[in-house]
Structure formats: C-alpha cells, structure tokens
Amino acid sequence: MKIEEIKRVLAVFTLFRELNDFEMTKIADIAITRDWKKQSHVFLQGDPLENVYFIYDGKIKIYKSDVNGKEQIVAIAKKGEMFPHVGFFRKGDYPAYAEVLEPSTLIAVPISKFESVLIENPELCIKVFKVLGEKIVDLQDRLEEQILNNTYEQIVKLLIRLAQKHGMEQEDGTILLKSEFTNKDLANMIGTTRETISRTLTKMKKDELIEVDEDGNMIVDVEILMEEINLI
C-alpha cells in the first residue's frame, strides 16, 4: 500500500481524523501494511510489545489465556478499530493474544517511532489520551457489570453491547446480530460457561426478549433489553 493510500485509510480513524496532510504524512511514513490469514496470530500473549495495529479490513479477536488454557475474550475488533490500546506509553509485553478471525489487512505503526512523532506533535498526543480515556471508561463499565450484576444481567448487557457495536439496524428499529459469535465466545466474554449462555438464550427466546431467524442470526430490540434490566 502506497503512502497516499495509507494516509487515506488512517485518516478515517478517530485518532487521526483531525490531522492535517503534513501530520498524516509523518504517520504514514512509519506505517507498515500487511495481509494476515485466518487463524494466524498477529501477536501472542507475552511477545515483546512493538506495534500498534489499525484494521483496514477484517476481524481480530483479542483474548487472554490463563495457565490452564482457559480463554477470556477481551474484544472483537473490526475495520476502523485499533489494538492494543495498552501499546502507547508502555514498555514490556503484549498482555493478550490477537487472533485473525477472517482474512485481514492491518496497518502496523512501530511504537518507538510513533512515540517520537507524538513528542513532536502535542495535538496528536492529546487525541491519543482522549481515545485511551474512552477505552478506560468502557473497561470500567464492563468490570462494574461483573462486580455488581448477576450472570443474567451480564448476558443481557453483553447482547446490548454487541448489538450496538456489531449489529445492523433493521427497518422496524430492531437490530440484526449475525451468528458470528458462538455460545462459547459469548461465555468467554463475561467469564461464564457455554451451558449458562445456552440456557439463558433459550429462556430469553421463550420470553420473547430476542428472536433467532432461520440462519441463526439474533434479532434484538435494545430498548426491550434495557427495560429488562431497568436501564431506562
């Protein structure tokens, strides 16, 4: 990918949206583009922390694994998102795995070079802090859900979050959430079991809180789900 194309792609990201052409050129000059195959890993938990990645196309699963091999999904990142957020201003290792879920094109920005650009561009540095601040709030909300809510409430809030981030709005106002997440994936996102997810979704279908079409896609009404746990 040529520099002008990299500039065009990166300019869409929130982090770079307000940069001028000169500033974007500085970022594009240090960026590297690479295609990744499905089921490959961009990095492994414990690898030296070297790059921040911007997704031009594809889907990446960010997950942690404990000593027993139990998986905890941190996020599913798609086109227009960056990862890992902890890459800035931090030395050490990647705190999670990044697995390619579908063929992806990523733009990698070496952290050491990026930090040098930030030092030279205070305005960009402020924008980085804003993006990181938004991520911290999201993680705080998810931590609060696990501490304060029971499993049923966590599952409902997870469906709301996935619908808002990954769903497609329908003409009737409902949201179509494609069957890209298995029950195991959902369980790993909130630290519960696949059986608990299966039982809960079955109950929610019976109670007409969600629908599932013939292709296995979930149809949800966010307002109804929010009412279910008294968020509105």
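A residue is called buried when its relative accessible area is under 20%, exposed when that area is over 50%, and partly exposed in between. Asp-57 comes in at 39%, so in this predicted model it counts as partly exposed.

**Around Asp-57**

You'll find Asp-57 in strand β3, which covers residues 51-65. Leaving aside residues up to four places away in sequence, Asp-57 touches Lys-79, Pro-103, Ser-104 and Thr-105. Glu-81 is 24 residues away from Asp-57 in sequence, and their C-alpha atoms are 9.6 Å apart.

**Salt bridges**

Side chains of opposite charge can pair when their charged atoms come close. There are eleven salt bridges in this structure. Here are some of them, with N to O distances:

| Salt bridge | N to O distance |
|---|---|
| Asp-21 and Lys-7 | 2.8 Å |
| Lys-61 and Glu-99 | 3.6 Å |
| Lys-203 and Asp-207 | 2.8 Å |

Take the pair of Asp-21 and Lys-7, whose side chains meet in a salt bridge. This pair links distant parts of the chain, with Asp-21 in helix α2 (residues 21-30) and Lys-7 in helix α1 (residues 3-10), 14 residues apart. Asp-21 has 51% relative accessibility, so it counts as exposed. Lys-7 has a relative accessible area of 7%, so it counts as buried.

Next up is the salt bridge between the side chains of Lys-61 and Glu-99. Lys-61 sits in strand β3 and Glu-99 in strand β6 (residues 97-110), so this pair ties together parts that are 38 residues apart in sequence. Both Lys-61 and Glu-99 are buried.

Then there's Lys-203, which forms a salt bridge with Asp-207. Lys-203 has 45% relative accessibility, so it counts as partly exposed. Asp-207 is at 39%, so it also counts as partly exposed.

**Two loop residues**

Glu-171 is in the loop between β7 (168-169) and β8 (175-177). Its relative accessibility is 88%, so Glu-171 counts as exposed. Glu-171 also belongs to a patch of negative charge on the surface, where it gathers with Glu-169, Asp-172, Glu-208 and Glu-211.

What about Thr-192, buried or exposed? Thr-192 is in the loop between α6 (183-190) and α7 (194-206). At 13% relative accessibility, Thr-192 falls under the 20% cut-off, so it counts as buried. Not counting residues up to four places away in sequence, Thr-192 touches Lys-70, Thr-151, Ala-187 and Ile-197.

Terms used:
Residues numbered from 1 in each chain as written. Predicted model: local features only at pLDDT ≥ 70, side-chain atom pairs only at ≥ 80, totals over all residues. Heavy atoms only, no water. Patch = residues over 30% accessible without salt bridge, like charges linked within 9 Å, V, L, I, M, F, W, Y side chains within 5 Å. Areas by Shrake-Rupley, 256 points an atom, 1.4 Å probe, with all protein chains shown as cover. Salt bridge = Lys/Arg side-chain N within 4 Å of Asp/Glu carboxyl O. Lys, Arg positive; Asp, Glu negative; His and termini not counted. Charge placed at Lys NZ, Arg CZ, Asp CG, Glu CD. Helix = DSSP H or I, 4+ residues; strand = E, 2+ residues; numbered from the N terminus. Buried < 20%, exposed > 50% of the residue type's maximum accessible area, 1.4 Å probe, protein only. Contact = heavy atoms within 4.5 Å.
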